[in-house]
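Please keep the sequence and the model in view while reading.

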Amino acid sequence: MDKLLISPAPHLHSKDSTRRIMRDVIIALMPAVLVSVYFAGLSALLVIVVSVTGCVLVEHLIVRYLMKKKSTVHDLSAVVTGLILALNLPVSSPWWMVLTGCVAAIGIAKMTFGGLGHNLFNPALVARVFLLISFPVQMTNWSVSNSIFRPDRWELPKGLLGAQGQLLDAASGATPLGIIKEGLANGLTMETLSQQHDLSYWHMLFGHIDGSLGEASVLAILLGLAYLLLRKVIKPLIPLSVLVTVAVFAGILWLTDPSMNADPLFHLLTGGLLLGAVFMATDYTTSPMSPLGMLIFGVGIGVVTMIIRIWGAYPEGVSFAILFMNALVPLLNKIKPFPYQKEVSRG
Amino acid sequence: MSKTFSIGGIHPNDRKFSRDHPIEEFPIPKRVFLSMNQHLGMPAVPVVQKGDMVKVGQLIAEPAGFVSAPIHASVSGTVSDVALYPDFLGKKVLTVVIDTSGDDWLESIDRSSEIKHEITDTPQEIFKKISEAGIVGLGGAAFPTHVKLTPLEGMKAEYLILNGAECEPYLTSDYRLMIEHGQEILIGGELMRRVLGDVRGIIGIEENKPRAIELMRKHAAHFLQWEVVPLKKRYPQGGEKQLIDAVLGRKVPSFSLPVSTGAVVQNVGTAYAVYEAVQKNKPLISNVLTVTSSDPSIQRNYHFRTGTPVREFLNAAGAPEQDGTLRFAKVVNGGPMMGKAVANLDGAVMKSTSGLLLLTEKETKRQEPGECIRCSKCFQACPMRLQPYLLYQLALAGRTEALEEHRVFDCIECGCCLYSCPAHLPLLDQIRLARNVSLKNKRKK
């Protein structure tokens, strides 16, 4: 008898795999990771290492000893969650808080729902919001980054030696969104605010804006986006619809009263908007599968983000907006795709 | 600008290794196995008995109805058996076995290589010759050609599209046929065009075959009604519905025949067979196939007699080792995307066999399936705009009604979903299974 392999068609595969997709996302995250380490120094690296190790470890332990299955960490999805979680945290995050975040992300948001592909909410964002509510002080202790590219901050490193003599590489400050929110609430205008604070778009683009690790540089995120698009990991629809919605929403407000509203570019460049639009709103499992669903999802994130930014209690609303829209994904997935063709068309 | 279809599709590496190998005449086998199931529709009914002497081209089985096709002897010799034999899939089918002696052809068949340009037959005579020659669609589906050329009430054909897309990776038999017998293909196309009435003729060829496009354009210049349309390289462009969409921008509705869009599609190989049947009186007893693999020594195109056992091709190609074991893990009858895995090497190739593809375990072995990560790559790849991930779940749950609601019967089984799935889920396998179960239930009712 001949030994033959028998299986139904197709007999070839694209060689694409979950692991390869995750590897591409990790590569796409590298510019943001490197920029954050460059601008915020070793403490940024520490947050990233603790977060990634924590997420991988938590997943391994749960799958291996609680679910008693073969470990799934080799698919690299826990590494991606760890990296994204780290980028959502301030540089000054204590290690125990980061680890708590890992348990919230992997343990609660991911594995409780059945693991990869089954979670309703983006794990990294669940962890971020969990930490934001549990540790509001640590989570909003924004550090001022000390770039050597900013002459006005050259003096800073000297004063950064702490009381015990240990080297701190950051000092605390407020995010541009926080400055605007508080300032406008206190009756100041955009003009006075930009005179009192450094709100330079140039700095936002290249680096050292105060905030979470991932908010360090818009350019680094855009590099990651370009890579993801090039490798066809994501389609531009979701990020584009989020960004366009935010720009339009902010634009309308700005046109009605430029003195009391930041311009669209400010809203696009600040906070976690780009990080969220590129790396978190595009998470396969927690975003819709049809183009129309993706469009509604993206527009929804943009609108909710702006509502929170303008009228909410928090200066930033991207995380809440994405989680809110995550909850609608099962409904959005009910949308049937446009049928192939119902009637005969004569072109 | 080259055209293409509008929804889904994939871009596999085309691996047309054998494209520059001219068609060789494959040696006549000592024995042929002619299955009565070489076409879609009712199996043919044998008209010969054990012990009968037959000549090449002689009728050995009659069609069992309108949607059926006759079968002719592909070699001369003695009918040694008319019984159930396992075909290449291992399924037992009624088979006429002929032991070859010599190569004695029917005298009515014109065996000269001279091209006969002049068309003397009326459309009725052409139609009769096509149906009597046992011609079936040589693109793979093997649907009897005369049925597709028969007008249906309320549907008027406006276009005849010759399918030269050959979008399956590896296969080069249609390409070689266009390069070496382009004129005959056009005459065959013109014959079918006349049967359909005054319709326009279009030849669709993918861009990865520039020489074929150039040559067919040159030949088409001699005909008023014909033009060549270059197509972008994309799978499954050669699918009937995708080709109509690519060439005419018209979509075939669910549960409708392609002709409802005004287009009739025939493969270029079929056109060549029509030329031979009408102009040379030769029934469909031979075809061209590609025997290929990633091993450069096994990359050929052969003109073969139908009913030749698969093993003969493998032996000729040097596929087995000296101790007789096969160097490859899988033999595919057809292309890698839609072809069927050969289970029985003693089974024979058929009228519509376009290739024998030899794959190593590394090339073809399926990976362990993981979890669906909802990436929607299957949805993006599906040329029928189905939601394979959803159909897969519904199939596993056995929800027949929901499957139908989500248009499972529109699936053309192109395999784009399974090819694209990063989690290696057996999407098409489950969808196909569920659909067959659902079809069976329908028939019972």
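## Model and confidence

This is a predicted model, in which local features need pLDDT of at least 70, side-chain atom pairs count only at pLDDT 80 or more, and totals for chains, interfaces and linings use all residues. Residues are numbered from 1 along each chain as its sequence is written, chains are lettered from A and ligands numbered from 1 in the order in which they are written, and side-chain values use heavy atoms, with hydrogens and water left out.

The model scores ipTM 0.88 and pTM 0.88.

## Nonpolar cores

A nonpolar core is a set of buried Ala, Val, Leu, Ile, Met, Phe, Trp, Tyr and Cys residues joined through side-chain atoms within 4.5 Å. Buried means under 20% relative accessible area, exposed over 50%, and partly exposed in between (1.4 Å probe, protein chains only). The largest core has 88 residues, and those touching the most other members include A:Leu83, A:Phe279 and A:Ile301. Domain 1 (19–139) and domain 2 (168–332) of chain A both contribute residues, so this core lies between them; the domain bounds come from an automatic or database domain assignment.

Beyond its neighbours within four places in sequence, A:Leu83 is in contact (heavy atoms within 4.5 Å) with residues including A:Ile26, A:Met30 and A:Val52. A second, separate core of 47 residues includes B:Leu149 and B:Val259.

## Contact between the chains

Chain B gives 63 residues to the contact and chain A gives 43 residues. Together they bury about 4,600 Å², 55% of it on carbon and sulfur atoms; buried area is the accessible area (1.4 Å probe) that two parts lose on being put together, summed over both. B:Ile373, B:Arg374 and B:Tyr419 supply 14% of the area that chain B buries against chain A, more than any other three residues.

## Salt bridges

A salt bridge is a side-chain nitrogen of Lys or Arg within 4 Å of a carboxyl oxygen of Asp or Glu. The structure holds 28 of them over all chains, and two are between chain B and chain A. A:Asp16 and B:Lys377 are joined by a salt bridge at 3.4 Å, N to O.

Within chain B, B:Arg193 pairs with B:Glu190 in a salt bridge at 3.0 Å, N to O, and both residues are buried. Shared partners join B:Glu190, B:Arg193, B:Arg194 and B:Asp198 into one salt-bridge network.
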